[in-house]
Amino acid sequence: MAAALMAEINYDLPVGNFELDLEDGELRFRTALRLAHSALDVATLDDLVTVNIGEMIEHLPKFESLFQ
């Protein structure tokens with residue numbers, strides 16, 4: 001059930017994805033940056049963290065409802 005919800009959510013995400021550890025049930029949201037020709041600055045890092053937190057705030061209740 002959780003894997004199906006994760007696949008449905010991931011399909012529509014423009015950036016990043018949810019991942020589920022099937023051994024212990026850990027859920028995480030992952031994003032990445034390719035910085036081959038540029039340096040990481042505070043604004044870029046802030047944007048990345050903001051996206052991760054925003055996606056968790058939006059979608060975590062959907063996952064939590066599966067286990068209530």
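Which side chain makes a polar contact with the side chain of Thr31? The side chain of Asn52 does so, at 2.9 Å; a polar contact is a pair of N or O atoms within 3.5 Å, where within protein one must be able to donate a hydrogen and the other to accept it, and residues adjacent in sequence count only if both atoms are side-chain atoms.

## Basis of the report

This is a predicted model, in which local features need pLDDT of at least 70 and side-chain atom pairs count only at pLDDT 80 or more, while totals for chains, interfaces and linings use all residues. Residues are numbered from 1 along each chain as its sequence is written, and side-chain values use heavy atoms, with hydrogens and water left out.

Thr31 lies in the loop between strand S2 (27-30) and helix H2. Helices (H or I, at least four residues) and strands (E, at least two) are DSSP runs, numbered from the N terminus. Thr31 has a relative accessible area of 15% and is therefore buried; buried means under 20%, exposed over 50% and partly exposed in between, with a 1.4 Å probe and protein chains only.

Leaving aside residues up to four places away in sequence, Thr31 touches Val15, Gly16, Leu48, Val51 and Asn52, where contact means heavy atoms within 4.5 Å. Leu48 belongs to H2, which covers residues 42-65. With the same exclusion of residues up to four places away, Leu48 touches Thr31, Ala32 and Leu33. Between the C-alpha atoms of Leu48 and Asp21 there are 22 Å, and these residues are 27 apart along the chain.

## Packing of H1 and H2

Two packed helices are described by the angle between their axes and the distance between the axes. Helix H1 (residues 2-12) packs with H2 at an angle of about 155 degrees, and their axes are 10 Å apart. Axes are lines fitted to C-alpha atoms, for helices over the stretch in contact, and angles run from 0 to 180 degrees between N-to-C directions. H1 and H2 are therefore roughly antiparallel to each other, a term for angles over 145 degrees.

On the H1 side, Ala2, Leu5, Met6 and Ile9 meet His59, Lys62 and Phe63 of H2.

## Two further positions

Pro61 is also found in H2. Pro61 counts as partly exposed because its relative accessibility is 43%.

Leu22 is placed in the loop between strand S1 (17-20) and S2. At 75% relative accessibility, Leu22 counts as exposed.

Note on methods: Angles under 35 degrees count as roughly parallel, over 145 as roughly antiparallel, 65 to 115 as roughly perpendicular and the rest as oblique.
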